[in-house]
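These are my notes from one sitting with the model.

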Amino acid sequence: MTRPIDALGLSVWGSAFSMIAEEMGAVLVRGALSPNIRERRDASCALFDAQGRMVAQAAHIPVHLGALPEAVRAVRARDPQPGDVFLLNSPWAGGSHLPDLTMIEAIADEVGDAGRTIGYAVVRAHHADVGGMSPGSMPQGATELVQEGLILPPVRIERDGAPVTEMLELVLANVRTPEERRGDLAAQRAACAAGAAGWRALVAREGLAQVEAAGSALLDYAERRALARLHALDGAHGRAEDALEGDGVSDAPVPLRVALAVRDGALELDFAGTSPMVRGNVNCPIQVTRAAALFVLRALLDDDVPTNDGIARPIRIVTPDDCCVAARSPAAVAAGNVEMSQRITDLLFAAFAAAGVEVPAQGQGTMNNVTFGGAGWTFYETLGGGQGASARGPGPDAVHVGMSNTRNTPIEALERAYPIVIERYEVRRGSGGAGKHRGGDGVIRRYLVLERCTVTLLTERRATAPRGAAGGADGTCGENLLNGAPLPAKCRRELVAGDVLEIRTPGGGAWGAR
């Protein structure tokens with residue numbers, strides 16, 4: 001028999017679950033080899049119950065976390081046995097894009113029924129290379145998924161606790177930096193083990209029935225809080241449109257449209273009029289679109305609402321059969337996860353604004369993806385920029401916005417690991433929009449390469465500025481420069497020693513007229 005859970009108990013249980021996820025993240029970053037995971041923390045951890053419902057997540061990457069439920073569903077469809085560990089990255093099986101390798105452990109009950117799975121520990125991490133046509137596996141110009149790297153449907157890398165060594169060998173044989181990948185995968189495995197140990201300890205102390213009841217209560221509570229916010233907006237409706245600045249193959253805009261309506265406690269999002277799938281890799285799978293919708297709804301809730309699957313329950317998404325925000329095989333999607341997700345976020349906030357809901361001005365609206373690769377090394381990072389201002393105050397400078405929540409790569413860590421020197425790294429003063437509350441400023445980062453290598457850029461807001469709100473001015477567009485000459489927003493270039501790449505990231509929009 002389970003004990004009743006009151007409001008105080010909900011808070012205690014929520015903290016107990018989330019701290020296990022946070023500990024998973026701490027284990028991951030301590031053990032990772034690549035600066036992208038160890039320093040930038042481009043990874044996410046979450047816990048799911050035995051029914052495959054996300055009950056807790058660490059404060060990591062929104063575009064990862066909102067898409068993880070699809071990955072767990074894909075694994076559960078493979079009849080996981082207690083102790084099995086799976087690896088996947090396929091966007092058609094819950095992945096986001098190929099560099100994001102997701103590891104999922106089916107947590108075995110080691111106290112009660114040893115043949116029972118009592119939950120799932122999940123870690124998604126962006127690896128600096130998973131093969132494909134370009135170092136870093138974030139290629140500009142890819143037109144189908146197979147060009148972007150090794151594709152993994154849910155595959156067992158451990159069966160009942162025993163490693164499936166052939167599968168790891170297969171993965172490492174298809175990447176440019178196998179030892180770094182081996183180390184990062186080992187760190188993910190340690191993080192999953194930490195999550196499983198924490199979950200089992202909780203079950204041993206409180207009993208499985210009580211843990212499951214607490215998880216269900218937290219999910220229902222988060223749903224009630226989301227429904228209360230939506231009921232307060234009942235009848236709201238708004239439309240918005242935006243566009244990406246080309247798909248990486250063509251410079252033609254990729255139009256996005258949404259009709260938003262709040263009815264009877266449901267948030268309905270209809271993407272009719274949005275572009276069909278495009279040739280380039282800005283398409284995104286539907287789970288990335290859901291992640292953006294979850295992020296936007298979460299941003300409208302109070303800070304004390306736990307982030308779990310309960311918030312997603314009221315969201316209803318409708319897309320055309322052929323649509324770039326619900327991509328299908330064999331579409332390329334590397335930039336969809338990072339750039340399309342940001343634009344969907346901007347689009348949904350704009351639709352809420354059109355519905356009369358107060359939202360901030362637009363932030364930089366891009367992750368500014370920069371990938372270098374040379375003989376035996378690859379390096380990937382995203383860059384911060386300006387956040388949009390709001391009625392409460394100015395936007396922060398030099399931060400990751402929207403669907404990204406990573407840190408910056410410290411110069412010392414980058415220069416120690418790769419043949420690159422950072423000649424300049426500073427806030428791009430004056431790039432935020434002017435207004436009653438100014439938009440946040442972007443950054444300037446200048447790379448001097450010391451040997452021949454390839455650089456790939458996947459960026460946005462180079463031609464269309466982040467919009468201000470309530471009469472505030474727009475932010476400043478970003479710029480990409482190679483040896484002082486402009487580069488396209490999405491491009492790949494071969495560099496030689498002495499070349500200098502400079503990225504100037506966008507500023508955020510202002511709020512209110514001066």
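**Entry 1. Salt bridges.** I started with the count, and the structure holds 37 salt bridges. The model is a predicted one, so I treat each distance below as computed from it.

I first looked up aspartate 42, whose side chain forms a salt bridge with that of arginine 40, at 2.8 Å from N to O. Are these two residues buried or exposed? Both aspartate 42 and arginine 40 are buried.

I then took arginine 205, which is in a salt bridge with glutamate 206; their closest N and O atoms lie 3.5 Å apart. Arginine 205 counts as exposed because its relative accessibility is 57%, and the cut-off is over 50%. Glutamate 206 has 26% relative accessibility, so I list glutamate 206 as partly exposed.

The next pair was arginine 428 and glutamate 479, with side chains meeting in a salt bridge at 3.2 Å, N to O.

**Entry 2. Strand E17 and its partners.** E17 runs antiparallel to strand E20 (residues 500–504), and four bridges join the two. Within that pairing, leucine 482 stands opposite leucine 501 of E20.

E17 also pairs with strand E18 (residues 485–486), again in the antiparallel sense, over two bridges. Here leucine 481 has proline 486 of E18 as its bridge partner. How many residues lie between the strands in the hairpin of E17 and E18? There are two, and asparagine 483 takes a positive phi near 50° in this hairpin.

**Entry 3. Strand E3.** I turned to E3 (85–88) and asked which of its residues are buried on each face. Val85 and Leu87 are buried on one side, and Phe86 and Leu88 are buried on the other, so that both faces are covered.

E3 pairs with E4 in the antiparallel sense over four bridges. Threonine 102 in E4 is the bridge partner of leucine 88. E3 pairs with strand E6 (residues 155–159) too, antiparallel and over three bridges. In that pairing, leucine 87 stands opposite valine 155 of E6.

**Entry 4. Serine 96.** I stayed in this region and looked at the loop between E3 and strand E4 (100–108), where serine 96 lies. Serine 96 counts as buried because its relative accessibility is 0%. What does its side chain make a polar contact with? The partner is the side chain of aspartate 100, at 2.8 Å. Leaving out residues up to four places away in sequence, serine 96 touches Asn89, Pro91, Arg124, Pro285, Val288, Val333 and Asn337.

**Entry 5. Glutamate 381.** I looked up glutamate 381 in strand E13 (residues 377–381). With 1% relative accessibility, glutamate 381 counts as buried. Its side chain makes a polar contact with the side chain of threonine 409 at 2.8 Å. Another polar contact, of 2.5 Å, joins the side chain of glutamate 381 to that of tyrosine 447. Residues up to four places away in sequence aside, the contacts of glutamate 381 include Asn368, Asn369, Val370, Leu414 and Arg445. Arg40 is also one of the residues that glutamate 381 touches, and I had already recorded arginine 40 as the salt-bridge partner of aspartate 42.

**Entry 6. The second largest pocket.** I finished with the second largest pocket, which has about 340 Å³ of space. Of its 15 lining residues, Pro69, Arg73, Arg290, Asp309 and Ala312 are the closest to the centre. Which helices and strands each supply at least two residues of the lining? I listed helix H4 (68–76), helix H8 (286–299), helix H9 (309–312) and strand E11 (315–318).

Technical notes: Residues numbered from 1 in each chain as written. Predicted model: local features only at pLDDT ≥ 70, side-chain atom pairs only at ≥ 80, totals over all residues. Heavy atoms only, no water. Buried < 20%, exposed > 50% of the residue type's maximum accessible area, 1.4 Å probe, protein only. Polar contact = N/O pair within 3.5 Å; in protein donor to acceptor, adjacent residues only side chain to side chain. Contact = heavy atoms within 4.5 Å. Salt bridge = Lys/Arg side-chain N within 4 Å of Asp/Glu carboxyl O. Pairing = 2+ DSSP bridges. 1 Å grid on protein atoms, 1.4 Å probe; cavity = no way out; pocket = protein on both sides within 12 Å on 5 of 7 lines; lining within 4 Å. Points joined across faces, edges and corners; volume = space filled by probe spheres on them.
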